[in-house]
Structure formats: structure tokens, C-alpha cells
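The model is shown first.

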Amino acid sequence: MKKFSPRVLFVLLITFFFLQVLLQAQDDFDRQPPRQVIFTPHDRSDSDPQQVHISLVGKEHMRVSWITDDKHVPSTVEYGKEPEVYNAKATGQNTSYHYFLYSSGKIHHVTIGPLEPSTTYFYRCGGSSPEFSFKTPPPSFPIEFVVVGDLGQTEWTRSTLAHVGSKDYDVFLLPGDLSYADTLQPLWDSFGRMVEPYASQRPWMVTEGNHEIETLPFLSRHGFKAYNSRWLMPYAESGSTSNLYYSFQVSGTHIIMLGSYAEFEAESDQYKWLVNDLAKVDRKKTPWIVVLLHAPWYNTNTAHQGEGESMRKAMEDLLYKSRVDVVFAGHVHAYERFTRIFNNEADPCGPVYVTIGDGGNREGLALTFKKPASPLSLYREPTFGHGRLRVVNETHAHWSWHRNNDSNAVVADEVWLQSLTTSKTCWRDDFDQNLSSPHLKDEL
Ligand SMILES: [Fe+2]
């Protein structure tokens, strides 16, 4: 190994120091020191399933997704209600992709069902061990969602997931930034293996963040190659033409996953799809509407200021007129909860906005909030953690935010939400959800 003279070493140290100062000065916000990425190795045989995760498809079906290195493994899932007794079997699709010098394994997607609600199923992928199990969501209230954004794959991620897994829930919601692979494709595989113990047991419903884009000149000009191949969501079932935005209904709750990195202006496919999707929700049967997206529309952190503004201007009216109850965002690596807002003002008929980008990414936390605090911002804290939305019944839901440093029993922030369909001010029985309704036009 080459030895440096003290003089050269001194120059190198000075250069390194100034480079660090320069890099920090380029950041217009502070973060906690980042932690290293944990690489989760592949320790099964080539034909065994790895990176198993499940997602909801319609009311009674579940999609099982997994990867095998062996390209001959069939895309089949066997399942049943007792361990190792598989009295049902389904066959699905598979895909794979190339990204520069990387070739993915065989990516399987198999939809199984019809399934019974609140039931544990045991399943096996491609005829190979190990056996996995999951629990289907309940048929009606109460239902509990876990919400975590900007997850990554660091020690902080591990801590967040352990915290999430230590208390039961029904569905996992992720408003973007999953693996932080950032073009290094083996990190997508590593991420899949890290989350498998959780994502194989409860449905993981995700939408894309900026770290999913991964465009490459000539090779992946449209981006989202890994994300769309690996994390197939039920977009076709909700009338969307893109995996980047979709909706689904579960237990009286309509969840809309918007795409911050898909076109969203009034002439765009996403906008038109959203208009139709909102108009289809029957609030008598589905009183709650929850929206997730990546870049927050409201944000008092100094990080990522204004990045969600053009989307807010394009789509906020639609959510407001439809009386969306709550909007979750990620991107900013901190927690922040706002009051009900419309057009930058407190409004009892607007959604509650929550930023929950504190899952455990490798970039660290966004520590600095703007001062003085906006009266619209009711709670803000840069600490890693996760949130839980427990929809208790048609009228009430409880939102809580839990730090990784505390036990689950400790609630750092909480609020009771009342469905806007119960509000005399914001909702009338003759409220027509057709967005062209004169009632709605009158209101604005
Ligand atoms: Fe992000």
C-alpha cells in the first residue's frame, strides 16, 4: 500500500475538509448525520422466492409479487387457510427488465382469491419453500393503516419497521421513496429482501417518489423501470392507465395514490382520471377519502420548499370539492401535521395535511423548520417514526404519530378526525359528487 508523505496527507485532509464544507453549504437545510445503507443478502436457492410482497387487488383479491433468479420457476401461488395445506392455486404473469449492465431476476405477479376478510392465509410461491402467511383486511370498520414515507434501507429503516411490526395493523401505505437504490439496481433487490418479513404479511400499497424515477439517457428515458416492474399496483383495476397513480377501496375507505412525478395539469391523463375517480366514490358507503402523494403541498420545513406547489395549484380544487379528509405526503424527512386547509388558508372543509417522510432514508433528517411557525402548522418534529390512521367507524378516525425512540404505546402526536360527510357546514345530504354539479360550483 502506498504511503503518503505528511505534506501530501495534510493537503489531502485540507481538501477533504473544504469539500465537506462546500457540500454542506450547497444544502439549504440541515440533516442528522446519515446512516449507511444495509445490504440484505440473498441466502436462498435460485428457485426459491425472494422479495415477496403482497398488494390489494379489488375487494376480495390479493396480488403476490416475488422474484426468482431461476427463470424456469412457474408464476404460481398455492394457498389455503391452514399451514402447508394448499387447496387453491393461481397462475399469473411475470416480467423482467434490463438496466444498463444489470438484468433483473424473473419478477412474478400472481393474483389470488376470492379471499375472505379478516382471515389468515398461508401461501407458497412457485412451488418452493418457504411458506408465508398474510391476514386480509376487515370487511368494515375499524381498520388500521400504517403510513411511512421515504423508507430507504438503513439502520433507521430497520428500527422503523421493527416498530411498525410490533403492533398489529391491516394495510401499509407508503407515499413514495422506497429503496433509495438511485440507479444501483442490486439495491432494489436488497430492499425487497429487507422488507419481505413485513410486506409478505400485510398488503403494501405504494406510490412513487423522486427516488423511483431513475432515468438514464437512451436506456431508460421515461424512468420508473425498476419501480413499475417490481411494485405493480392495482392501477388497471381503478381505471388508471399508469402504475404511477391509482386508487383502491378497503373497509369503507377510498385511498387515492397520486403521482407527483406524472403529468398532473388539467389536460393530463392523471387529472382526468382523478376527476372520474372522485366522482365514482359513493360517500354513503365509503365515507372516508384519503390521498397520498410524494412532494407535499403544504410544508414549513426549509427542505424541498415549493416543490409540490404546481401540483397543488392544479389539483387542490378537486380534492377540496370532493371533501377529501386527509392528505399524506413524504419527501421532506420530518413529521409535520397541519390543520384543515384550502388555498393556503385554514378551512373547515379542506383536508388535514400530514408530512410523514421520516421512515429511515440514508440522507438523514430535515432538521430546520421555518420561523416563526405558520398558524396552519400544528405539530412539527424532525424525528424518525411512523404514523397510524385507525378509521374507527363512519364518522371518526384517530391519527397518531410514533417515534422510533419510544415504545408504540407512546404517542408523540395525535388527533381525532371527523369525516367531512358528517359536517353540517361542509356536506349536505343532496351533495352531488358529480364535479360538474351546480351545488359544487356554487360553493367556490
Ligand atoms: Fe423524495
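Two strands pair if DSSP finds at least two bridges between them. Helices (H or I, at least four residues) and strands (E, at least two) are DSSP runs, numbered from the N terminus. The model is predicted: local features need pLDDT of at least 70, side-chain atom pairs count only at pLDDT 80 or more, and totals for chains, interfaces and linings use all residues. Residues are numbered from 1 along each chain as its sequence is written.

Strand 8 (residues 106-112) pairs with strand 2 (residues 61-68) in the antiparallel sense over seven bridges; Ile107 of strand 8 is the bridge partner of Ile67. Strand 8 also runs antiparallel to strand 5 (residues 93-95), with three bridges, and here Gln93 has His109 as its bridge partner.

A residue is buried if 20 or more other C-beta atoms, placed from the backbone, lie within 10 Å of its own. In helix 2 (residues 155-165), Trp156, Thr157, Thr160, Leu161, His163 and Val164 are buried. They lie on the same side of helix 2 because they cover an arc of only 160° around the axis, taken from the directions from the helix axis to the C-beta atoms.

Most residues other than glycine have a negative phi, and most peptide bonds are trans.

The peptide bond from Ser129 to Pro130 is cis, with omega near 0°, and Pro130 is in strand 10 (residues 128-135). Phe141 and Pro142 are also joined by a cis peptide bond, omega about 0°; Pro142 is in the loop between strand 10 and strand 11.

Key: A residue is buried if 20 or more other C-beta atoms lie within 10 Å of its own, exposed if 12 or fewer, and partly exposed in between; C-beta atoms are placed from the backbone.
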